[in-house]
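Subject: Structure for you to look at

Hi there,

Here is the structure I promised to pass on. Have a look at it first, and my notes follow below.

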Amino acid sequence: MQTNILKLDCLRKTFGGVVAVDDLSLSFNKGEVTSLIGPNGAGKTTVFNLITGFLKPTSGKINFNDTELNHKKPHVIAAMGIGRTFQNVQVFSNMTVLENVMVGRHLRSRSGMFFSSILPPMLRGEEKRIRSSAKERLALLGLDQYADVPAGSLPLGNQRMLEIARALALEPTLLFLDEPASGLNARETVVMGRLIQKIKSMNITVVLVEHDMELVMDISDKVAVINFGKLIAEGTPNEVQLNPDVINAYLGT
Amino acid sequence: MIWIQHDPVIDSGHILLKSLFFYPVLKKQIRKNITGRAMTESTISDILQFMFMGIQRGCIYALAAIGFNMIYNATGIINFAQGEFVVIGGLMMVTLTMTWNLPIPLAFLLTTAFVTLIGIAMERFTINPVKHPTVLRLIIITIAVSIIIKGAAMCFWGKNSHFMRHFSSAETLDFYGATILPQTIWIIGILLFIVAGYIFFFNYTMTGKCMRACAINRDAARLAGINDRKMVMLSFALSAGIGAIAGIIITPIIQMDYARGALLGIKGFGAAVLGGLGNSMGAIIAGVLIGVLEALAAGYISSHYMDAIALIILLLVLFVRPSGLFGSSEAMRLKEF
């Protein structure tokens, strides 16, 4: 029996007269890779923004491990163990690669962040601990040789990896990846697919928005198809591929 | 009763105009001053003397500029109350040391803590509650706060200039024919100490790194679990504290009064812009540069034109390099030190 880690209940978001997310009910199973697919403008990124607190839902409920997320701020949600990457890569461009990951790590430091900065001896130890665990994350993603390079000078593929490393530094139990393969070439996409499976094996639930169908069908345990903010199909990759509504949404009538 | 008071801002604007219109006169005066003197040893010691004066003022501008940059980096706004932090720091120090007779180190700490609290209160009560914070709205709020602080300072401390004893002896030291006040050495030392602290804080502490992250990309910072509002509050606290220190160390030399904030703020802002807004290392160099130019102008042209000349040079530099001396894309790496 699968347990839900995240449950959306009649989630709705309107921008003026436009309904971006239309009474969407969806649940995500713990430890699985779930893909959210749908045509451009279907509301996938809006769903991500609602869950991670960047947007406030118009109505409906978001439950994460039985805690309601509706009115929580992004940094609080992050602290609860929900990590995320953006569709357009967002790294701290003039900080080094290592510093980027360290910033993602700060929440998991033992002493409170503020006190660690006013008590120098404690802080030195704390900083070292954060530094070494940040280095581990970099090694995991194969970025360790770039540790001291400014993040902005990395090629896009590596910046994307770095963003994932920063999200993993948070020790999330739930990770949202917004089009991780966009802008990557075929070889890099394969690497990304393997990485996502590795993340899954670390007992992290992954939710993916992706247009690369080969990648989606390859690594997903479950696929949910959204169009005009509504859920039109849900199931295993095979089930979804054969669903007439899905074919309709993608190819038109 | 009607007060006719000198508003430093209006004064400097006035002088600015005058110096533009009377440029030929000014030129004559420069020539007279330079040719009227033989290049002797005394000229060199004069230059040295002006340099000391300039560096001492420049340090204060540099500290004010760091304050501007901190808040600019965290929020994208210019805090026009920055000069008032300096004034309150100076006046508070006068009260604690001269009236209450507290020892200087204790008064230093209390004053800095007090002004830091003012900075926090400013952020909590005037910046944080704004529903739709746009840059223009927030800037106008800082102007309002500066007027309020200035008014409150006038009520508490009156309109007179306040004297304060020097940190150590007030006797001048001889240095290659020029004289230097021990207070000047204090000022330079404290500036260097703050710069070192600044570099340490932003590069080697997690809080500093988080503040930088927040300045570079706020959304990504929130996602990494950084409370951006808290970072904004912290930037106000730190820049108020640094402003207070600037006020404390300069007061024995310039005698503080409630209305000095605007001009100190403008010079500090000038230093921040000249150094490339947001670039604190550039601001320190630019601050000292403005101070030295000012002192040379005062010495060789006229002390009346002192403020104007610094601002004219600022304008000329900005015509040629709008991004400031150190604001080029190449210097972007230098930006966060």
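Chain A contains 10 helices and 10 strands, where helices (H or I, at least four residues) and strands (E, at least two) are DSSP runs numbered from the N terminus. Its radius of gyration is 19 Å, close to the 18 Å of the globule rule for 253 residues, so chain A is as compact as a globular protein of that length. That radius is taken over C-alpha atoms, and the rule is 2.2 Å times the number of residues to the power 0.38. Along the principal axes, the C-alpha atoms of chain A fill a box of roughly 65 × 40 × 40 Å.

Before going further, please note that this is a predicted model: local features need pLDDT of at least 70, side-chain atom pairs count only at pLDDT 80 or more, and totals for chains, interfaces and linings use all residues. Residues are numbered from 1 along each chain as its sequence is written, while chains are lettered from A and ligands numbered from 1 in the order in which they are written.

Of the 253 residues in chain A, 45% are buried. Buried here stands for 20 or more other C-beta atoms within 10 Å of a residue's own, exposed for 12 or fewer, and partly exposed for anything in between, with C-beta atoms placed from the backbone.

Now to the strands. Strand 1 (residues 4-15) of chain A runs antiparallel to strand 2 (residues 18-29), and eight bridges join them; strands pair if DSSP finds at least two bridges between them. A:Lys13 stands opposite A:Val21 in strand 2 of chain A. The two strands form a hairpin with two residues between them, and A:Gly16 in the turn has a positive phi of about 60 degrees. Strand 1 of chain A is also joined to strand 4 (residues 59-64), again antiparallel, by five bridges, with A:Asp9 opposite A:Lys61.

Two loop residues of chain A are worth a look. A:Asn203, between helix 7 (186-201) and strand 8 (205-209), has a positive phi of about 70 degrees although it is not a glycine. A:Asn203 counts as exposed, with 9 C-beta neighbours inside 10 Å. A:Phe228 lies between strand 9 (222-227) and strand 10 (230-235), and its phi is near 50 degrees, also positive in a residue other than glycine. A:Phe228 is partly exposed, with 15 other C-beta atoms within 10 Å.

Where do the chains meet? In all, 29 residues of chain A are in contact with 22 residues of chain B, a contact being two C-beta atoms, placed from the backbone, within 7 Å. Helix 2 (74-79), helix 3 (97-105), helix 4 (113-118) and helix 5 (120-140) of chain A each supply at least two residues of the side that touches chain B.

In chain B, 11 of the 11 residues of helix 8 (residues 206-216) are buried, so this helix is largely enclosed by the rest of the structure. One of them is B:Arg212, which counts as buried with 24 C-beta neighbours inside 10 Å. The C-alpha atoms of B:Arg212 and B:Met231, 19 residues apart along the chain, are separated by 9.4 Å.

Best wishes
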